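Two pairs are on my list.

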Amino acid sequence: MSPKKTITASMFVLFAAFASLAVGSQKTDSMQVRHGRLQVPEKVKTVLVHEMKTISTLMGDLLQYIVQGDSAKVSATAIEIRNTNLKQEFDAKEIKKILAILPKGFIELDRKFHMTANEVAKAVETNDFKIAINLYSEMTQGCLNCHTAYASERFKNLSN
Ligand code: HEC
């Protein structure tokens, strides 16, 4: 039924839980984003791409559970997306360094994405699937926004 499955979703994003650590340590975006490419060490990029793939898969699952009204699975999957972050791969010290080189705008988009995942879990506590699907749509817009701003060198047809 749903062609949305193909567009779906997902992503990755990681740094939300640590965003607060970065306050005061960011440089300006122009220093870190050249030609729509996120300037981060190769190891960070590798982890980021891995997380993206994980979240893409989870977003596909999430859509299926929302449209089937499966509150328990929506909640578990949304929380899994929310919790997908660099903590699994880097220690606190490394995370601090990574946050210091990430653009503020990237961290903000990432944070918003994770917060929205959390709101999906909240919405289904009261079986509010209409709200859940709207939030899901917001999450997918988050993919496009971030790729347009920070990955247009990789995804050539996306540009500001
Ligand atoms: C906060 C920023 C951000 C958000 C939000 C985001 N992405 Fe990404 N994503 C990136 C960046 C940056 C890259 C490019 C990495 C690179 O240069 O290879 C990327 C790469 C990818 C890739 C390519 C992975 C590979 O195999 O190399 C996929 C797939 C992807 N994103 C899916 C998504 C989906 C789906 C969403 C939304 C549900 C999403 N992303 C949300 C920043 C983001």
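I began with the handedness of helix 6 against helix 7: the crossing is left-handed. The model is a predicted one, so I log these as computed values.

Next I took the geometry of that pair. Helix 6 covers residues 104-123 and helix 7 covers residues 129-150. Their axes cross at roughly 165° and come within 9 Å. Angles over 145 degrees count as roughly antiparallel, and that makes helix 6 roughly antiparallel to helix 7.

Which residues make the contact? From helix 6 I listed Gly105, Phe106, Leu109, Lys112, Phe113, Thr116, Ala117, Glu119, Val120 and Ala123. From helix 7 I noted, among them, Ile131, Leu135, Tyr136, Met139, Gly142, Asn145, Cys146 and Tyr150. I sorted the contact of helix 6 with helix 7 by class: 14 nonpolar, 4 polar and 3 charged residues.

Second pair. I looked up helix 3 (residues 42-67) and helix 4 (residues 71-83). Their axes lie 9 Å apart, and the packing angle is about 160°. That makes helix 3 roughly antiparallel to helix 4. I checked the handedness here too: helix 3 and helix 4 cross in a left-handed sense.

Then the contact residues. Helix 3 supplies Ile55, Leu58, Asp61, Leu62, Tyr65 and Ile66. Helix 4 supplies Lys73, Val74, Thr77, Ala78, Glu80 and Ile81. How many residues of each class are in the contact of helix 3 with helix 4? I have 8 nonpolar, 1 polar and 3 charged.

Methods: Residues numbered from 1 in each chain as written. Predicted model: local features only at pLDDT ≥ 70, side-chain atom pairs only at ≥ 80, totals over all residues. Axes fitted to C-alpha atoms, helices over the stretch in contact; angles between N-to-C directions. Helix = DSSP H or I, 4+ residues; strand = E, 2+ residues; numbered from the N terminus. Parallel < 35°, antiparallel > 145°, perpendicular 65-115°, else oblique. Left-handed = near helix turned anticlockwise from the far one by under 90°. Contact = placed C-beta atoms within 7 Å. Nonpolar A, V, L, I, M, F, W, Y, C, P; charged D, E, K, R; others polar.
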